[in-house]
Amino acid sequence: ESQPAYADYMSGDGTRQSTLYDDDGGTQQGDQIYSGSYPRQPRVSYPPESNSTDGPHCDPFDSYNFPPPESVGAFPPGAQPTNSAGLFDEPIIVTEPGQIKTGELPPGGEWYDAKIFTPTIGAIFLKPKELVNNSIYLQADRRIVNGLEERPVVAFIVEGSSARMAGIELGHVLLKVNGVEVRNPKEASKAIRDGPRPLPLLFYVPEIEITITEGEHMVKYDSKESTAPNSAKDWKPKYVVIGGLISEPWMMTLYRSKSEYDIAVVETQARRPVSVKVKQISLMGARIQNDWQGPQMVKYKNKPYPWKYIVVLPVSRNPIKISSPNLPQLKPVHEGIRCQLLAQQRDRSNLNLMGNHNNKGRSNSSSKISLLGKSKKMLVDSFMPS
């Protein structure tokens, strides 16, 4: 039987404010997993554009059973770094700007309390440094990431889980479980698994940029044409993920729904075979058609607003058309692809520089050439799919 879950916030005047949620309860198992998809983010890299001319309340994807996009809101106003009004015994030490010390949190940020009533939380926690290459801390300030040390960061949240219902979000840092400080994901997992119910949690929201490179889209990938289909019915609804928690940074992965992506993440983290249908496309050597012009547009008779779409041209594969009803919904995946393509360009430039240096040193040292060649091969191998 589901139990209510709520999150408490400290307002600016010191009074406690509670928000009550209906909790369907977590249903997944796993030691590493449930001890981190995407709820409302306090600071997302790609916020909705305020000057968009698309109808904010009319979603042309409704006929495909996609839920309307959640508004990207700020963390509840007035939250203060307090000792949770006595809920936890020990205060959390905060440093002054530019003076991050071992064991102390970076300056700024906000605190809040949450309670979990179900056996599992439905969240994956990872170390901050594990989230900087192709995940939510991709564009985060490295000084803040380093200042978080190995504290458990929410890297993934299962839809309908206790974490989601309690207001826990991506990028939030778990500080205490039942009043006891946790220093890494392993400690957090054990404390959550063994703790009482209801289970009080203390979270810290750092002043850090969150990057989202996934979303629900209409996709067309089974034709050689690089133009939009003639009918809206020719598109397929997919949940598109660029890189992400369980794929390499250069991979675009298509799932039939967000819930199936959740299943794939849970099964992968638990080292079980993935039971859902997955389609992966490598972005190695790919490009975006006419990207200098920005997203293209197509208008269908039975849709009130034009669809915006991009065309990704992979190597030796059909073009991949990805569309959304407006630019803000398309932007996270579009920018995620751009980011990976730019990274490939930088890597190629570095390899060319290494090659030039190799040629200049050829007459000086054959052993030096061999080492450079080996380093060059290692760089190439590190960006090739396994």
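Helices (H or I, at least four residues) and strands (E, at least two) are DSSP runs, numbered from the N terminus. The structure is a predicted model, in which local features need pLDDT of at least 70 and side-chain atom pairs count only at pLDDT 80 or more, while totals for chains, interfaces and linings use all residues. Residues are numbered from 1 along each chain as its sequence is written, and side-chain values use heavy atoms, with hydrogens and water left out.

Backbone geometry was examined in the loops. Most residues other than glycine have a negative phi, and most peptide bonds are trans. N178, in the loop between strand 6 (173–177) and strand 7 (180–181), is not a glycine but has a positive phi of about 55°. The relative accessible area of N178 is 39%, which makes this residue partly exposed; buried means under 20% relative accessible area, exposed over 50%, and partly exposed in between (1.4 Å probe, protein chains only). E149 likewise is not a glycine and has a positive phi of about 55°. The loop that holds E149 runs between helix 1 (142–147) and strand 5 (153–157), and E149 is partly exposed at a relative accessible area of 26%. A cis peptide bond, with omega near 0°, links R197 to P198. P198 is located in the loop between helix 3 (185–194) and strand 8 (199–205).

Nonpolar packing was considered next. In soluble globular proteins, nonpolar side chains tend to be buried together. A nonpolar core is taken here as a set of buried Ala, Val, Leu, Ile, Met, Phe, Trp, Tyr and Cys residues joined through side-chain atoms within 4.5 Å. The largest such core contains 53 residues, and those with the most contacts inside it are I121, Y137, I168, L174 and L201. Strand 8 supplies the largest share of this core, with 6 residues.

Strand 10 (residues 236–242) is largely enclosed by the rest of the structure, because 5 of its 7 residues are buried. Two strands are counted as paired if DSSP finds at least two bridges between them. Strand 10 pairs with strand 9 (residues 214–220) in the antiparallel sense over 6 bridges, and Y239 in strand 10 stands opposite E216. Strand 10 also runs antiparallel to strand 11 (residues 251–255), to which 4 bridges join it. In this pairing, V241 stands opposite T253 in strand 11.
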